[in-house]
Amino acid sequence: MTLIVKEVTGGYSQIPVLKNVSFTVPDQKIIGLIGLNGAGKSTTIKHIIGLLKPKKGTITLNGVSFITDQQKYLQQIAYVPERPVLYPELTLQEHIDLTIMAYALDHDQAWQRAKKLLQRFRLANKLAWFPTEFSKGMQQKVMIVCAFMTNAKLFIIDEPFTGLDPLAMHDLLTIVSDKKKAGASILMSTHILATAQQYADEFVLLNHGQVQATGNLTALQQQFKMPTASLDDIYLKMTRDDRNE
């Protein structure tokens with residue numbers, strides 16, 4: 001198992017957002033993190049990338065935790081946030097060079113990978129541009145390039161399709177599938193459930209900071225007693241049942 005989240009309780013204050021959250025993200029798997037706004041998806045991700053510290057429970061990545069070896073832990077993770085986070089004073093080229101330094105990558109090999117991604121996302125002729133010159137969709141593409149040019153073991157993508165055109169969405173999903181085939185694991189939070197159903201191997205359904213269900217579509221269908229249901233059907237049942245309680 002690559003990422004193991006075990007009985008994590010935590011949040012931003014004394015009142016926990018997450019309550020005993022447990023799931024795994026194995027090698028060569030795409031795991032869909034699914035839930036309503038406020039269900040705990042972003043809080044879960046912030047705990048995994050070290051921005052929040054669990055009040056209880058553990059998070060390990062290939063046997064390493066943020067607490068035991070912060071640098072080794074973080075260099076295994078590449079993260080694409082929902083909202084692009086770029087340095088206004090750095091050009092696109094400088095963002096790529098910064099990524100190379102942060103991950104201690106081989107300069108020439110990393111730039112070879114970066115150039116292929118830049119070409120794919122139609123950014124190759126914009127290396128001298130600053131973030132203010134990019135649209136939101138282009139800024140998101142910069143984040144994607146910087147993440148997927150690394151040799152990370154775990155890729156975390158939080159609502160990655162925001163601002164992307166259909167071609168860029170297709171390109172991203174192709175890259176994600178290629179990384180999976182190469183041995184990486186992917187945790188993907190998205191509200192586009194049809195895409196999640198098509199590409200994810202398994203799902204983690206969060207509701208009010210708790211794991212409601214985990215497994216592939218067949219396992220979810222059995223748990224919710226909906227043998228022919230789509231992920232969208234199951235999601236709607238989970239949220240409606242909660243509303244009717």
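Buried here means under 20% relative accessible area. By that cut-off, 5 of the 6 residues of β9 are buried in this predicted model, so β9 is largely enclosed by the rest of the structure.

**View 1. Strand β9 and its two partners.** β9 covers residues 202-207. Strand β3 (residues 30-34) runs parallel to β9, joined by 4 bridges. Glycine 32 has phenylalanine 203 of β9 as its bridge partner. β10 (210-215) pairs with β9 in the antiparallel sense, over 5 bridges. Here leucine 205 is bridged to alanine 213 of β10.

**View 2. The turn of the β9 and β10 hairpin.** The hairpin has 2 residues between its strands. Histidine 208 sits in this loop. Its phi is positive, about 50 degrees, although histidine 208 is not a glycine. Most residues other than glycine have a negative phi. Histidine 208 counts as partly exposed, at 47% relative accessibility.

**View 3. Asparagine 62, another residue with positive phi.** Asparagine 62 lies in the loop between β4 (56-61) and β5 (64-65). Its phi is about 50 degrees, and asparagine 62 is not a glycine. The residue is partly exposed, with a relative accessible area of 36%.

**View 4. Helix α3 and its buried face.** Helix α3 spans residues 92-102. Its buried residues are Leu92, His95, Ile96, Thr99 and Ile100. Seen down the axis of α3, they fall within an arc of 140 degrees, so they line one face of the helix. The cover over these buried residues includes α4 (107-120) and α5 (136-148). After α3 comes alanine 104, with a positive phi near 55 degrees.

**View 5. The largest nonpolar core.** This core holds 54 residues. Leu123, Phe148, Phe203 and Leu205 touch the most other members. Helix α5 gives the most to this core, with 8 residues. Apart from it lies another core, of 23 residues, which includes Ile48, Ile49, Tyr73 and Leu154. Nonpolar side chains tend to be buried together in soluble globular proteins.

**View 6. Phenylalanine 148 and its surroundings.** Which residues does phenylalanine 148 touch, not counting residues up to four places away in sequence? They are Val80, Leu117, Phe155, Ile157, Leu172, Ile175, Val176 and Lys179.

**View 7. Aspartate 171 and arginine 122.** The structure holds 4 salt bridges. In one of them, the side chains of aspartate 171 and arginine 122 meet at 3.8 Å, N to O. Aspartate 171 lies in helix α6 (residues 166-181) and arginine 122 in the loop between α4 and α5, so the pair ties together parts that are 49 residues apart in sequence. Aspartate 171 is buried, at 9% relative accessibility. Arginine 122 is partly exposed, at 36%.

**View 8. Aspartate 165 and lysine 141.** These side chains meet in a salt bridge of 3.3 Å, N to O. Aspartate 165 is in the loop between β7 (154-158) and α6, and lysine 141 is in helix α5, so the pair ties together parts that are 24 residues apart in sequence. Is lysine 141 buried or exposed? Lysine 141 is buried, with a relative accessible area of 8%. Aspartate 165 is partly exposed, at 31%.

**View 9. Aspartate 201 and lysine 180.** The salt bridge between these side chains is 2.9 Å, N to O. Aspartate 201 is in the loop between α7 (193-199) and β9, while lysine 180 is in helix α6, 21 residues apart. Aspartate 201 is partly exposed, at 23% relative accessibility. Lysine 180 is also partly exposed, at 22%.

Key:
Residues are numbered from 1 along each chain as its sequence is written. This is a predicted model: local features need pLDDT of at least 70, side-chain atom pairs count only at pLDDT 80 or more; totals for chains, interfaces and linings use all residues. Side-chain values use heavy atoms; hydrogens and water are left out. Buried means under 20% relative accessible area, exposed over 50%, partly exposed in between (1.4 Å probe, protein chains only). The arc is that of the directions from the helix axis to the C-beta atoms. Contact means heavy atoms within 4.5 Å. Two strands pair if DSSP finds at least two bridges between them. A nonpolar core is a set of buried Ala, Val, Leu, Ile, Met, Phe, Trp, Tyr and Cys residues joined through side-chain atoms within 4.5 Å.
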